[in-house]
Amino acid sequence: MSGLTADLASHYARIALGHVGREYPYKLGQVLESDDDLASPRALHPIFHGSFDWHSCVHGYWTLATLLRLFPMLPEAAAIRARFAAAFTDAKVAGERTFIAKPANRGFERPYGWAWLLMLQAELLRHDAPWSSTLQPLADDFVDRFQRFLPIATYPVRVGTHFNTAFALVLADEYARQVCDAALSTVLHAAALRWHANDRDAQAWEPSGDDFLSSTLTEALAMQRLLPAASFASWFAAFLPRLADRQPCSLFEPATVSDRSDGKIAHLDGLNLSRAWCWRSLSSVLPASDPRIPAMQAAADRHLAASLPAVAGDYMGEHWLASFALLALRPLSAN
């Protein structure tokens, strides 16, 4: 399967530019304490009021920032820079911070949106632009939330949707590495060990009907990111002991998406793309002669082929799928 090309990057940039500022339709995620809490998406979220919901808007901006770095001569580059200049202002960041500071919004976007905000900030920091310094106070808020939440999170959340905690560890780790935040790295590592160190022989009972993450492969990816290489090698061998034989077979078969106009069913395209990302990432750290690699790489290709054509078409997928395609296609050395 070919990787990310300039033409494909331009296509994804146009998609993201078409929705990060599109206010409606929009799905709010707030706790109402009075009539005063009712407002338009743009009033509640001065930056992230597009892309159908807050977290999708965050990773829509991540998509644009990543594409701009990888392909600085994109035809859409000027439009991306203009969008960022308008979005990332001190006043608008303050507005986002005001919303999440309300005690009733303590759990807002936990942990998926938290992690994507840090992923976005990690990407903005790679640019020679003022965007990251402007967004840093909001990023600091979510670092603080991770540091407070992870020590009291006794159990992981293993679902294949927004509440998956392993996925959040992966994205938050990218930020921690980017800024060399030892304190954040410590709580991420401790959570991964506490939740998953003893997991063995995963049965991979997936997918469920609205998964966009593989709970099995996302856990493996989190452990690969957060464990020393030697420790991960032994853990991975015990966690998925029959990969060379393409077992569990559920991990090797792309999900069927029966109706892409249904937002929940359309999640399954994201599952295929995120599995491809996991398979590519996990196989890349194995020795070149490892017998598991052919099966893992073939699985990545099959999952990409199943859902790359669905990135655009219906808004239920179009408002977010390019981000997951980019996770799967971006050079592994680019993060």
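A cavity is a set of points, on a 1 Å grid over the protein atoms alone, where a 1.4 Å probe fits but cannot get out, and its lining residues have an atom within 4 Å of a point. The views below show a predicted model, in which local features need pLDDT of at least 70, side-chain atom pairs count only at pLDDT 80 or more, and totals for chains, interfaces and linings use all residues. Residues are numbered from 1 along each chain as its sequence is written, and side-chain values use heavy atoms, with hydrogens and water left out.

View 1. The structure holds one cavity of 30 Å³ or more. The volume of the largest cavity is about 30 Å³, where a volume is the space filled by probe spheres set on the grid points, and points are joined across faces, edges and corners. Its lining consists of Q30, V31, E33, D37, F99, K102, A104 and N105. Sorted by class, this lining has three nonpolar, two polar and three charged residues. In this scheme Ala, Val, Leu, Ile, Met, Phe, Trp, Tyr, Cys and Pro count as nonpolar, Asp, Glu, Lys and Arg as charged, and the others, Gly among them, as polar.

**View 2. K102, one of the cavity-lining residues.** K102 sits in the loop between α5 (90-101) and α6. Helices are DSSP runs of H or I with at least four residues, strands are runs of E with at least two, and both are numbered from the N terminus. K102 counts as partly exposed because its relative accessibility is 33%; buried means under 20% relative accessible area, exposed over 50%, and partly exposed in between, with a 1.4 Å probe and protein chains only. Between K102 and D140 there are 38 residues in sequence and 16 Å in space, C-alpha to C-alpha.

**View 3. The largest pocket.** A pocket is an open set of grid points with protein on both sides within 12 Å along at least five of seven lines. The largest pocket has a volume of about 660 Å³. Helix α3 gives the most, with four residues. In total 32 residues line the pocket, and K27, D53, H55, E109 and H162 lie nearest its centre. The lining divides into 13 nonpolar, 13 polar and six charged residues.

View 4. F52 lies in the loop between α2 and α3. Although F52 is not a glycine, its phi is positive, at about 80 degrees. F52 is buried because its relative accessible area is 17%. Y24 and P25 are joined by a cis peptide bond with omega of about 0 degrees. P25 is placed in the loop between α1 (6-19) and α2 (41-44).

**View 5. The loop between α11 and α12, which holds R246 and P248.** R246 has a positive phi of about 60 degrees and is not a glycine. With a relative accessible area of 41%, R246 is partly exposed. The peptide bond that joins Q247 and P248 is cis, with omega of about 0 degrees. A255 is also found in the loop between α11 (229-239) and α12 (267-284). A255 is buried because its relative accessible area is 13%. Leaving out residues up to four places away in sequence, A255 touches P207, L268, L271 and N272, a contact being heavy atoms within 4.5 Å. A255 and G270 are 15 residues apart along the chain, and their C-alpha atoms are separated by 9.6 Å.

**View 6. Q224 and its neighbours.** Q224 belongs to helix α10 (residues 215-226). The relative accessible area of Q224 is 16%, so this residue is buried. Apart from residues up to four places away in sequence, Q224 touches F232, S281, L282 and V285.

**View 7. The chain as the setting for the close-ups.** The chain has 15 helices and zero strands. Of its 335 residues, 56% count as buried. Its C-alpha atoms fill a box of roughly 55 × 45 × 40 Å, taken along the principal axes. Among contacts in the chain with a separation of 6 or more, 76% are between residues 24 or more positions apart.
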